Amino acid sequence: MDIAVLSDTHAPRRWKTCPAAVAERLRTVDLILHAGDVCTADVLDELSAYAPVHAVLGNNDGPDVAAWGAPETLEVDLAGLRVAMIHDSGPAAGRTARMRRRFPDADLVVFGHSHIPMDLTGDGVRVFNPGSPTDRRRQPHGTMGLLRVTDGALTRAEIVSVT
């Protein structure tokens with residue numbers, strides 16, 4: 001199973017429509033995870049044209065995103081890999097321990113909010129932030145994540161530049 005991971009797209013201020021470099025990668029995935037701050041449910045509808053979407057609410061998301069079906073947190077089984085999602089994982093200090101306590105059964109926790117791409121393992125859990133494809137802030141590039149799950153194991157976790 002090939003999975004695209006997005007966060008902090010911030011439409012319509014930053015995401016007017018799916019950027020070409022993002023769309024290119026979305027065409028080949030089986031599933032899309034969005035870790036919040038889409039800001040408008042139209043983005044989730046647009047992403048759904050590429051593949052099924054699981055999304056969580058971000059601090060900038062409106063009632064239309066919640067009505068679309070995005071909860072504050074989400075736990076899903078993806079081909080045997082237990083994945084949890086949350087927008088804001090809190091401060092960097094103690095993050096993996098905090099996420100292990102919050103999601104004790106998760107193999108992987110996907111989050112956003114900071115716009116800082118990250119792939120880190122600690123305290124028995126892997127945490128993954130794809131960064132933002134459209135609002136890079138102090139990062140050198142806009143980014144997104146690509147995951148591959150094979151036989152219940154995460155066999156690929158990559159953060160790719162899209163700007």
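A search of the whole structure, which is a predicted model, turns up 5 salt bridges, a salt bridge being a side-chain nitrogen of Lys or Arg within 4 Å of a carboxyl oxygen of Asp or Glu. One of them joins the side chains of Asp2 and Arg148, with N to O at 2.6 Å. Asp2 sits in strand S1 and Arg148 in strand S9, so this pair ties together parts that are 146 residues apart in sequence. Helices (H or I, at least four residues) and strands (E, at least two) are DSSP runs here, numbered from the N terminus. Arg148 comes out as partly exposed, at 34% relative accessibility; buried stands for under 20% relative accessible area, exposed for over 50%, and partly exposed for anything in between, using a 1.4 Å probe and protein chains only.

Another salt bridge links Arg126 to Asp119, with the closest N and O atoms 2.7 Å apart. Arg126 is partly exposed at 24% relative accessibility, and Asp119 is partly exposed too, with a relative accessible area of 32%. Then there is Arg156 with Glu158, where the closest N and O atoms are 2.6 Å apart. Arg156 has 28% relative accessibility and Glu158 a relative accessible area of 33%, which makes Arg156 partly exposed and Glu158 partly exposed.

As for the ground rules, residues are numbered from 1 along each chain as its sequence is written. Local features need pLDDT of at least 70 and side-chain atom pairs count only at pLDDT 80 or more, while totals for chains, interfaces and linings use all residues, and side-chain values use heavy atoms, with hydrogens and water left out.

On to the sheet. Five strands make up an open sheet in the order S3-S2-S1-S9-S10, with mixed pairing; two strands pair if DSSP finds at least two bridges between them. S3 and strand S10 (153-161) are the edge strands, each pairing on one side only. On average, neighbouring strands are turned by 20° against each other, direction ignored. Axes are lines fitted to C-alpha atoms, for helices over the stretch in contact, and angles run from 0 to 180 degrees between N-to-C directions.

Strand S9 has 6 of its 8 residues buried, so it is largely enclosed by the rest of the structure. S1 and S9 run antiparallel and are joined by 4 bridges, with Val5 having Gly145 as its bridge partner in S9. Gly145 also stands opposite Ile159 in S10. The S9 and S10 pairing is antiparallel as well, over 8 bridges, and here Leu146 faces Glu158, the residue that Arg156 meets in a salt bridge. S9 and S10 form a hairpin with 2 residues between them, and Asp151 in the turn has a positive phi of about 50°.

Leu120 stands opposite Val127 in S8. There are 2 residues between these strands, and Asp123 takes a positive phi near 55°.

Helix H2 lies across S1, strand S2 (31-34) and S3, running at about 150° to S3. Thr40, in the loop between S2 and H2, is buried with a relative accessible area of 16%. Leaving aside neighbours within four places in sequence, Thr40 is in contact (heavy atoms within 4.5 Å) with Ala11, Asp64 and Val65.

The largest nonpolar core has 23 residues, and those with the most contacts inside it are Val22, Leu26, Ile32, Leu47 and Met144. A nonpolar core is a set of buried Ala, Val, Leu, Ile, Met, Phe, Trp, Tyr and Cys residues joined through side-chain atoms within 4.5 Å. Strand S1 (2-6), helix H1 (20-26), helix H2 (41-48), strand S3 (53-55) and strand S9 (143-150) are the elements that give two or more residues to this core. Leu26, beyond its neighbours within four places in sequence, is in contact with Ala4, Cys18, Ile32, Leu47, Tyr50 and Met144. A second, separate core of 18 residues includes Leu108, Val110, Phe128 and Leu147.

Finally, the cysteines: the structure holds 0 disulfides, a disulfide being a pair of cysteine sulfur atoms within 2.5 Å. The sulfur of Cys39 is 16 Å from the closest cysteine sulfur, in Cys18, which is too far for a bond. Cys18 is buried, with a relative accessible area of 10%.
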